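Have the sequence and the 3D view at hand as you read.

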Amino acid sequence: MENFDDRYKRKNPFSVPERYFEQLDKRIERRIEVEKRPQKVPLVTLLKPYVGLVAIFLLALFVVQVVLPHVVDKDRMLARDGKEVTALQENKVETFEFDAGFNPTDEEILEYLSTEVSDYELLYADLY
């Protein structure tokens, strides 16, 4: 009975093509030259990161130009209703004319603000 190693030592399942090593360096150089060449990148690939930003900008523009004016107009139409107009007229800000001799002290201003002005009005005034 023949040994497994002896049987396969005679046959070499691997073979090298003729002149393989003689042509190897030329093939490697050609491959390097091909990889060094600038490759054309499709325009879609270049613009892909910016497409999302443009979409967000257009959405914001749409909201500001189309949706927001309708919401504001709706509020104005509601304000024309009789009940709400009278409520708005009641909340009108009073205008005062001060003369040149009127010069309140800091304590007088603080006392007025603490007694006459609500906390909500102070918060609202602080925001604007």
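Arg19 counts as exposed, because its relative accessibility is 52% (buried means under 20% relative accessible area, exposed over 50%, partly exposed in between, with a 1.4 Å probe and protein chains only). Arg19 sits in the loop between α1 (4-10) and α2 (20-36). Its phi is positive, about 55°, although Arg19 is not a glycine. Most residues other than glycine have a negative phi.

Which side chain does Arg19 meet in a salt bridge? The partner is Glu22, at 3.3 Å from N to O. Glu22 counts as exposed too, because its relative accessibility is 54%. A search of the whole structure finds 1 salt bridge, the term being used for a side-chain nitrogen of Lys or Arg within 4 Å of a carboxyl oxygen of Asp or Glu.

## How the model is read

This is a predicted model, in which local features need pLDDT of at least 70 and side-chain atom pairs count only at pLDDT 80 or more, while totals for chains, interfaces and linings use all residues. Residues are numbered from 1 along each chain as its sequence is written, and side-chain values use heavy atoms, with hydrogens and water left out.

## Overall build

The protein has 6 helices and 0 strands, and along the sequence the pattern reads α-α-α-α-α-α. Helices (H or I, at least four residues) and strands (E, at least two) are DSSP runs, numbered from the N terminus.

Of the 128 residues in the protein, 1% are buried. The protein exposes about 13700 Å², and carbon and sulfur atoms supply 60% of that area. Accessible areas come from the Shrake-Rupley method with a 1.4 Å probe, and for residues only the protein chains shown count as cover.

## An aromatic pair

The count of aromatic pairs comes to 1, where rings of Phe, Tyr and Trp (its six-membered ring) pair if their centres lie within 6.5 Å, and planes under 30 degrees apart count as stacked, over 60 as edge-to-face and the rest as tilted. Tyr20 and Phe21 form this edge-to-face pair, with 5.1 Å centre to centre and 85° between the planes.

Tyr20 is partly exposed, because its relative accessible area is 31%. Phe21 counts as exposed, at 61% relative accessibility.

## Surface patches

Patches are made of residues with over 30% relative accessible area and no salt bridge, joining like charges within 9 Å and nonpolar side chains (Val, Leu, Ile, Met, Phe, Trp, Tyr) within 5 Å.

Asp106, Glu107, Glu108 and Glu111 form a negative surface patch. Lys and Arg count as positive and Asp and Glu as negative, with His and the chain ends not counted; the place of a charge is taken as NZ of Lys, CZ of Arg, CG of Asp or CD of Glu. Asp106 lies in helix α5 (residues 106-116) and counts as exposed, at 58% relative accessibility.
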